Amino acid sequence: MGEVLRTEGVCRYFGGLKAVENVSMTVNSGQIFGIIGPNGAGKTTFFNVCSGIYKPTKGRVYLCGRDISNMRPETISRLGITRTFQSMQLFKFMTVLENVKIGCHKGTKSGIFDAIFHTGRYKRDEEYVTRKSLETIEKAGLTKYAYTMAGSLPYGIQRRVEIARALATDPEILLLDEPAAGMNPMETVDLRKFVQELNRNGQTILLIEHDMKFVMNCCHNILVLNFGKKICEGTPEVVKKDPEVQAAYFGSGMIGGEVLNHA
Amino acid sequence: MNTLINAVKKVYGEHKVLFLAVIVVLLLILPFLGFKKSTIRIMCRILMYCTLAGSLNMINGYSGQTCIGQAGFFCIGAYTMAILSTRFGISFWILLPLGGIMAMLVGLIVSIPTLRLKGIYLSIITMGASEVIRIVALNWESLTGGSFGIKDIPRPSAGGFLVDSPMKFYYLFLILAVIFLFISSRVIRSRAGRAWMSIREDELAAKALSVQTSYYKASNFMYGAFWAGICGAAYAPYLQYIDSTVFSLDEGFNILSMVIIGGQGTLAGPIVGSALVNFLTEILRPVGTWRFVTYALLIIIMMWLRPQGLVGASDSILAGGRIKMKSKSKKAAKESA
Amino acid sequence: MEYILNQLINGVCQGAIYALMAIGYSVVVGVTGMVTFTHGEVMMIGAFASFYIFQYAGSHIVLGLLGAFAASWILGMLVYKICYEHFFNAPRHISLICTVGFSMLVQNLAQICFGANKKPVLNIIENRVFKIGPVRISMIQVAIVVIVLALAVLLTVYFNRTRAGMALRAVSQDKSAAYLVGISVKKTAMIGNCIGCGIGGVAGMLMAIYYQTCYATMGSTMSMKAFSSSVLGGMTDVRFSALGGLCIGVIENLGITFSSASFRDAFAFCFLILVLIIRPHGFSVKKGARP
């Protein structure tokens, strides 16, 4: 159980706004790690810092012990963090297969000259890309949509395509930004099963989610943010009982535990 | 119009090999059908612009960067050929790739400041670069002959066989166009081509999937510039005389209009566009400036009715963001994959 | 030294015209949210309108100014109807190419209507030269700077003090938010576009007076200047665009003191590239905004 992703006192300010302040956490290999918090708590900003879209104002981010704080998103992705987006960023006008094939970019090396002369490397790469993307599509249960334009699929399926595309990069850690947003309850349950199955196959996952049932049922460890600060970290049971978390979600003085259990 | 185009596409899809064979044979015997010399000259232009518009299409259509100054790269290629062949008598066959490489280097220089910038900055910089190249060509008299241009650019020859008539140039341009299409069709089906298209569709997502967008944007730009340079290098000996007025911004817009009218992001688009625009140029030659008015109207009408161009697919990001709720049939998808 | 000082004065004067062009351009880009390639043609039409007014109604600068403004306003409406209105929700490049087509259209129609040769615009302003020490300033230069400053003040007041101006600023910042608070976005965008074009037309007139000539293809060089200035200023920021225009004017005129005048355009452009390498978004800074 080595550590995969570790942050040390990460801060991100926008002018006077402290969107993320002094957040430290460690995600260990094989975990599903959840980040929760009320709207505007800085969850997505924190994600953006981890994946390199924003640079941290202060603090450090380590991937497998390597400092990635000031690297660019594409380099970080190459090193093993692949993310999905809250507002899906699918290649809408490409088929699902083409989407996933671009995900295979990381595992291949052939350049323009290989393509022109159809060298051995090109052939190996293309063979690998085709096999890998079909495999990934099958793993995500999208085989029947493989040749469909991604933008014309139902919402829940699109989310799944985005996850499949991220999986094709063979990431050390998969970052999911509100994967269940906008899904109906059925789709959410399917998604949860899918995420848990991925995890059983050894995939480390870090996710942001609003759906409490989803988070409480599938995460091993949870980090709670409020106003950019970490207010609690621990197993679902610990988090549920934490008075500060209850205060953040329901205001102080209310009995939140019951509601949390039902939610 | 849509149904007609779709019908043509369908028939083409079903008999692809037969179609290509017929077209190649037709193109090969075309000059022998007893056309006038002026008609063959038009065919030469069409074939040359196939490659030139195609090179711009590689940039605009495949990686979604809006380049307007393709005439600049064209200019670099042509002047490389003209200067080195008249001064030092270097062989055409060495200068042809060299013209491409020179244009490619300029393409690299132009793309560097725009790597951190989005779309429109690139357009303006390419446009400005094209103008600067033209201004330098006009004013650097000791090298380029200034407004007098360069005369008597030698015709290419291969082992005693001199390429001197329009008919022989026809075959030269045909070979170039075929090589360009062959190589480009291989490139866009490769890893690099997919990376370019991912940048066109969504740059942020491409970054998150570890596509080094700067590298691929620059390489895409260089690829397009390379072919424009080759075109210039092949076109200079055909004209035998070049000066800076050939490479004005209007020429850039002319190339752009071919790509737009034909259809960006498709290999066939620039070919159709080049044929149509050059055909119109000839028909409208008697009416002088009205010709450009017609182009301009055509571009505007095209943007209103078919922003994806004549052969462009209606379900593409270039068609104006409307997603058609239909799925490709498996067969068609396999062929395009 | 005297020469350089005089060139500096020329640069400031020319920079003032560029600043006006860039202001017009930034207003258009800011309000419509789309990049235009028609601005050069709009300015050319402004120059021609004033040329015909000077020819038939005598050298009244105010009349010419109003005529240029009105003619470009009308052209601006056409541009809006043809190139923007239908493409607010479409990808950017479609309206961009539409403006390219429209600028080709106007330029060539102008060549047909006005003729391809250059038209002289002479003696609109009495050609007196003031001497202050070693520096020579002509009446034309003074008039140009005064007109530009007056227009800039007028615009500032309009944008900051009037209801319509505030609505314009709201639309240029966030279209959907402006829509939600009850601003008619399409109408406001059109008026903004027309104002930008009108200012461009006046700049075109000043350009014609300064160079004492106007011709149908003058738009392409001018639009390059307007682009460069407004890119320097960060595209949509009016004040920084004006600063950018001033910089380009000065740099150009200082540049040609060291080399030949035919490299004028190259200087402006190289300066632009240098700035863009160092500061990708020009001079403008938005502190604390989320990227």
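## Contact between chains A and B

Contact here means heavy atoms within 4.5 Å. By that rule, 40 residues of chain A and 41 residues of chain B take part in the contact. The model is predicted: local features need pLDDT of at least 70, side-chain atom pairs count only at pLDDT 80 or more, and totals for chains, interfaces and linings use all residues. Residues are numbered from 1 along each chain as its sequence is written, chains are lettered from A and ligands numbered from 1 in the order in which they are written, and side-chain values use heavy atoms, with hydrogens and water left out.

The size of an interface is often given as the accessible area lost when the parts come together. Buried area is that loss for two parts, taken with a 1.4 Å probe and summed over both. Between chain A and chain B it is about 3600 Å², and carbon and sulfur atoms give 66% of this. Three residues, A:Phe93, A:His105 and A:Tyr147, supply 22% of the area that chain A buries against chain B, more than any other three residues.

How many salt bridges does the rule find across the interface of chain A and chain B? The rule (a side-chain nitrogen of Lys or Arg within 4 Å of a carboxyl oxygen of Asp or Glu) finds one. B:Arg194 pairs with A:Glu126, with the closest N and O atoms 3.4 Å apart.

## An open sheet in chain A

Helices (H or I, at least four residues) and strands (E, at least two) are DSSP runs, numbered from the N terminus. Two strands pair if DSSP finds at least two bridges between them. In chain A, four strands form an open sheet in the order β2-β1-β4-β5, with antiparallel pairing. Its edge strands are β2 (17-28) and β5 (66-67) of chain A, each pairing on one side only.

Strand β4 (residues 58-63) of chain A joins β5(A) through two antiparallel bridges. A:Tyr62 has A:Asp67, in β5(A), as its bridge partner. Helix α1 (residues 43-50) of chain A lies across β1 (3-14), β2 and β4 of chain A. The helix runs at about 120 degrees to β1(A); axes are lines fitted to C-alpha atoms, for helices over the stretch in contact, and angles run from 0 to 180 degrees between N-to-C directions.

## Salt bridges

Over all chains, the structure holds 20 salt bridges. One of them joins the side chains of A:Lys229 and A:Glu21 at 3.9 Å, N to O. A:Lys229 lies in strand β10 (residues 229-234) of chain A and A:Glu21 in strand β2 of chain A, so the pair ties together parts that are 208 residues apart in sequence. A:Lys229 is partly exposed at 43% relative accessibility; buried means under 20% relative accessible area, exposed over 50%, and partly exposed in between (1.4 Å probe, protein chains only). Elsewhere in chain A, a network of salt bridges links A:Glu3, A:Arg6 and A:Glu8.

In chain B, B:Lys168 and B:Asp164 form a salt bridge, with the closest N and O atoms 3.3 Å apart. Both ends are partly exposed: B:Lys168 at 30% relative accessibility, B:Asp164 at 33%. In chain C, C:Glu85 and C:Lys81 form a salt bridge at 3.2 Å between the closest N and O atoms. C:Glu85 is partly exposed at 21%, as is C:Lys81 at 40%.

## Transmembrane annotation of chain B

An unreviewed UniProt entry lists "transmembrane region" for several spans of chain B, including residues 67-84 and 289-305. UniProt positions are in the numbering used here, feature names are shortened, and annotations may be inferred rather than shown by experiment.

In the model, residues 67-84 of chain B are 83% helix and 0% strand, with end C-alpha atoms 28 Å apart. Residues 289-305 of chain B are 94% helix and 0% strand, and their end C-alpha atoms lie 25 Å apart.
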